[in-house]
Amino acid sequence: MSDRAAATSPVSRERSREIKRLSVILAARQARLLSRVDLAEMTGLPAATVTALVRELIAEGYLIERGPGTPTTGRPREMLEFNPRAELVAAVSLEPPRISCEIADSEGALIAHRTARFGGDVVETVCDFVLDLVGENLPSLRGVAIAVPGVSTNGAVRLAPSVGLVEAWPIGESVQQRLKVPVVVDNDVNLMAAGECVAGAGADVANLLLIHVADGIGAGLVLDGKVRRGASGAAGEVGFLPVDAAPVRSYSGVGEFEARWSVNAIAERLVALNPGRRPESPVRELIELAATSKPAREYLDEVLDAWARLILSCVCVIDPGLVLLSGAAAELDDAALEQIQSLLAAKTPAPTEVRRATLGDQAVLHGAISYALSAAVPLPSLP
């Protein structure tokens, strides 16, 4: 019995020390400015333990000594400030033909940003991009979040034809093995919804549905303040809703609904209505053309009706209360937005407000930073 206890005690002591260290870091991050006495009270650790851990965390750059604080009673206490730059996160967005990356500190403050042309192996591209951007601050990197235009389940990505992934591929695990930090992978529209909740049009609500219209059509669902992904990570793949009575199963990664009502489909129809160059902003140009062309007006009505039916299908099931239109759908003018609102109001079983998303291309990166911060300091695993 004693031999066994002696053999396991070093592991137990190390794990106990790691838990105590993390509790001090978490308390300091929460309070931002506090004394050693405050740390002892918040963590429940003995003063001697706190003193030793504080000394270590100051040497590592986690804590900064700020001198005596303002006394309330008695002797002023030496204050410590948590250094948000001691913990950095990377937010990566794959938006073919582009890749974007941001490095932020633990308060979400942006430190570095870069966008470049995407190409080649996904894992190699992501790792090289993060390593290059974080540079000499690599020891401070604590987490990475990757946004992909496809379905993600436990870090494996599928149904992402724009990045060459239709069958599942463990991007998250591969990146984590190389960078040696926690990696979170999720659908880009889920991250847009999270981003709008953090800093955009959904910051005042706990429930919303975000519809994103681009080359594909997807939805992000937030209920009770949490992004919901479903049993296999495919919640929100509304682009695969059938448009005909007898849908045909497709393995191309493109759904029936998005094939007919996405930006690409609208652009093709717009060229047919108004021969010439392919429009750069099909929805905006369709609205402009509809002001003078009856066929364009009729087609615009078809688009708005299709999008309204899509929203209605979702609203009847989840009752989000708020719907945000993102991507090309955010280009709708006030009249078109009101038309969708009216179509919904006539049929929805519960009040549903429709707004434009406000963060644009930054929504994904805001959401990714939020994800990465959540994964930045995981609790120690069991031995």
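Good morning. The count of salt bridges in this structure comes to 19. Please bear in mind throughout that the model is a predicted one.

I shall begin with E56. This residue forms a salt bridge with R17, and the closest N and O atoms are 2.1 Å apart. The two partners link distant parts of the chain, as E56 belongs to helix α3 and R17 to helix α1, 39 residues apart. E56 also forms a salt bridge with R21, with 2.5 Å between the closest N and O atoms. Because R21 is in helix α1 and E56 in helix α3, this pair ties together parts that are 35 residues apart in sequence.

Is R21 buried or exposed? Its relative accessibility is 18%, so R21 counts as buried. E56, at 21%, counts as partly exposed, and R17 is partly exposed with a relative accessible area of 37%. Through shared partners, salt bridges join R17, R21, E56 and E60 into one network.

Leaving aside neighbours within four places in sequence, the contacts of R21 include L53, L57 and Y62. Y62 lies in the loop between α3 and β2 and F82 in strand β3, so the pair ties together parts 20 residues apart in sequence. Y62 counts as buried at 5% relative accessibility, and F82 is buried with a relative accessible area of 2%.

Lastly, R98 and D361 meet in a salt bridge at 3.9 Å, N to O. R98 in strand β5 and D361 in the loop between β16 and α12 are 263 residues apart. R98 is partly exposed at 33%, whereas D361 is exposed at 53%. Thank you.

Note on methods. Residues are numbered from 1 along each chain as its sequence is written. This is a predicted model: local features need pLDDT of at least 70, side-chain atom pairs count only at pLDDT 80 or more; totals for chains, interfaces and linings use all residues. Side-chain values use heavy atoms; hydrogens and water are left out. Contact means heavy atoms within 4.5 Å. Helices (H or I, at least four residues) and strands (E, at least two) are DSSP runs, numbered from the N terminus. Buried means under 20% relative accessible area, exposed over 50%, partly exposed in between (1.4 Å probe, protein chains only). A salt bridge is a side-chain nitrogen of Lys or Arg within 4 Å of a carboxyl oxygen of Asp or Glu.
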